Amino acid sequence: MTRMRQALLASALLAVALAMGEVALHNWRLTLALRMESLEETRTALLRQEEDLENLRAFLLSPSRLETAGRALGLGPLPLSRLALATPGPAEETVATLR
Amino acid sequence: MRRSDEPRPGRRSTRIRLAAALACSVFLVMTCRLARLQLVDHDFYSAVANAQHSHRVVLEPCRGRIYDRNGYILAGNRPVVTVEVYWPNVPEGQEAEIDSLCMRLSGMGAATSVPDRTGMNQILARDIPYEEALPLISGPVPRGVNWTVGSRRVYPLGDAAASLVGRAGPGGTEGLEKEYDGLLTGTAGVRFVERSAFAGMSVTDADAENIPPVDGADLMLTIDSRFQCIVQEELQKAVEESGGSWGAAVVMDPWNGDILAMGSYPVRAPGGPLDMNYCVEGMTEPGSTFKIVTLTACLQEGLVTPSDSFDCSRGLIEVADRSISDCHEHGVLTVDQIIAQSSNVGTIQMAMLLPDSLFYSYCLRFGFGTPTGIDLPGEQCGILRDPAHWSGLSKASMAIGQEVAVTPLQLTRAFCVVANGGILVQPRLVAASRDSGRWRSWACFPLRRVMTPQTAATIRGILRLAVESGTGRSAAVDGVTIGGKTGTAERLGFGRGAYLSAFAGMVPAESPRLVAVVVIDRPGFVYRFGSTLAAPTFSSMVSRMISTDPDMALGASRSDSDRGGVALR
């Protein structure tokens, strides 16, 4: 009888331990899931900010905007008469001036 | 001795049995009920439970971006926030919080609506830039208020490439956005989320069949945004100064058919929507630019040489009881002078040497009368009637670019044939696409040989003469050799005094790196000639393009010719 009681007690303790383990495991999974969720939200927010910044960069680098800004600063393209082009090749053909 | 109030052993045993039977019955009932819940009605109750704590979220894919050939964004996405309120969830007496929220939203420059409790669901503000809305949505929002993040298309170049790239938005899609909508859109995903009842927390259900969204493919165009801006600006200036009804300009790499720039003006129709892209939808008589077809046919068939001469001294020629004249009397002209001086009389005399079917076949070989197959919606094929429907005047008219209608793109492609040594190429706008992070190049391919490289070289020499000493002098660019042809066409159906001013040219003339065509429809009378409007516009465009990228003045390298159709024989 005593042995049976001991067995019953051991089973009950094991069941309680297992239940507590399950609760702990569940909590751990939930914590990880929430952390994942939070990281995912941060990632999405950063991707959106990156998208915004890339658009802003494209607006700032717009060729017509740069040209207008350059001209305002006196940095417009050179007149073709002041441009010389160099091409690789024999010495006498190396420099082909536009004028 | 037994006490008298203690039950006798027999009665106690009966009670225990009854209690045990009762407990067994209850246990049996509970087991049956449990079996019913777990086995028979499992699916039903499982679905009810899932519906209470889990919900399905559709994940919108990101629309693919459109880049130019240098990686500059032509069409991107901007995250925007929409704020809405579900009035049944707003507690009575807390409307002031919603009013205060609306004031904050209007302070962000968003289009807000006045809170109105009569409905169920109301959008308070839409399209708030994400960056601006971030402080609002990251903090607590009043009960009943919900926000969603979507995206809107943005075009950093503004309207400079609008007629080409098109638009994608709630109002529909146009241009390239429409042509490649399926590729750009991507596929939506789905995520199952479990939500707590009170804490307002939600986590992704890892065991559910979550499907990630597949973003749309990115496209890299052949367009150079620097050239695109130049072309669009110069075209706008020319159309506005001359009072033209519309203008179109195409810049193309003759070796592989890459469209480097494609301008069309006006960009927008009155009222706001995009106007048509006149480069592919604007059909006009090409005028004298079409004379290269007559010239090619005669040279290629060995009917004339550049030094052969024709008498143009009368200044007019009679064909089928009609007389066609030159602007002024030229005297006796050689073939190269006929083209350089753009003599109608001389060109018609050359055309008369050609059988109708042969002349028609050269028109077809240059790609006139059929769509170029460019990846833009709404392309027109032009008008090219077959000889069975010609009048006695038709061949003479067509030889000088009347009785035929072409699009600016078809004309550009025809000049590319001369520029690249005789190969008709397929124009293209998309150079590569990026799917799953990897860029893949799209093929460019030549279509057919139209003339021999020797004939093409001869014609390039004649076109250079036209710019150096002929009608195209105003197209000259300081320090760079230009070959080209002016065109002035009568616009039939628009009354007297309606003309088309056109110029088609190549840079540099000996080994062209690019071919450009400028067409301006119905300009003011003083601007009607190709030499007075289209040619100077071409010159301005090209000189600015060369200032921006001086390599263009160097001519085609061996790698350019290797890229193109020279593999054809």
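**Salt bridges within and between the chains**

Tutor: B:Arg63 and B:Glu177 pair in a salt bridge, with 2.9 Å between the closest N and O atoms; the term denotes a side-chain nitrogen of Lys or Arg within 4 Å of a carboxyl oxygen of Asp or Glu. This pair links distant parts of chain B, 114 residues apart: B:Arg63 lies in the loop between strand S1 (54-59) and strand S2 (66-67), and B:Glu177 in helix H6 (residues 175-179). Helices (H or I, at least four residues) and strands (E, at least two) are DSSP runs numbered from the N terminus. B:Arg63 is buried at a relative accessible area of 15%, and B:Glu177 is buried at 0%. Here buried means under 20% relative accessible area, exposed over 50%, and partly exposed in between (1.4 Å probe, protein chains only).

The model is predicted: local features need pLDDT of at least 70 and side-chain atom pairs pLDDT 80 or more, while totals for chains, interfaces and linings use all residues. Residues are numbered from 1 along each chain as its sequence is written, chains are lettered from A and ligands numbered from 1 in the order in which they are written, and side-chain values use heavy atoms, without hydrogens and water.

A second salt bridge joins B:Asp159 to B:Arg268 at 3.0 Å, N to O. B:Asp159 is partly exposed at 31%, as is B:Arg268 at 33%. In a third, the closest N and O atoms of B:Asp521 and B:Arg491 are 2.4 Å apart. B:Asp521 belongs to strand S24 (residues 514-521) of chain B, and B:Arg491 to the loop between strand S22 (483-490) and strand S23 (499-507), 30 residues apart. Both B:Asp521 and B:Arg491 are buried.

Salt bridges that share partners also form one network of A:Glu67, A:Arg71, B:Glu233, B:Glu234, B:Lys237 and B:Arg544. Over all chains, the whole structure holds 30 salt bridges.

Between chain B and chain A there are four salt bridges. A:Glu37 and B:Arg191 meet in a salt bridge at 2.8 Å, N to O. The contact (heavy atoms within 4.5 Å) takes 37 residues from chain B and 28 residues from chain A. The two chains bury about 2800 Å² between them, 60% of it on carbon and sulfur atoms; buried area is the accessible area (1.4 Å probe) that two parts lose on being put together, summed over both.
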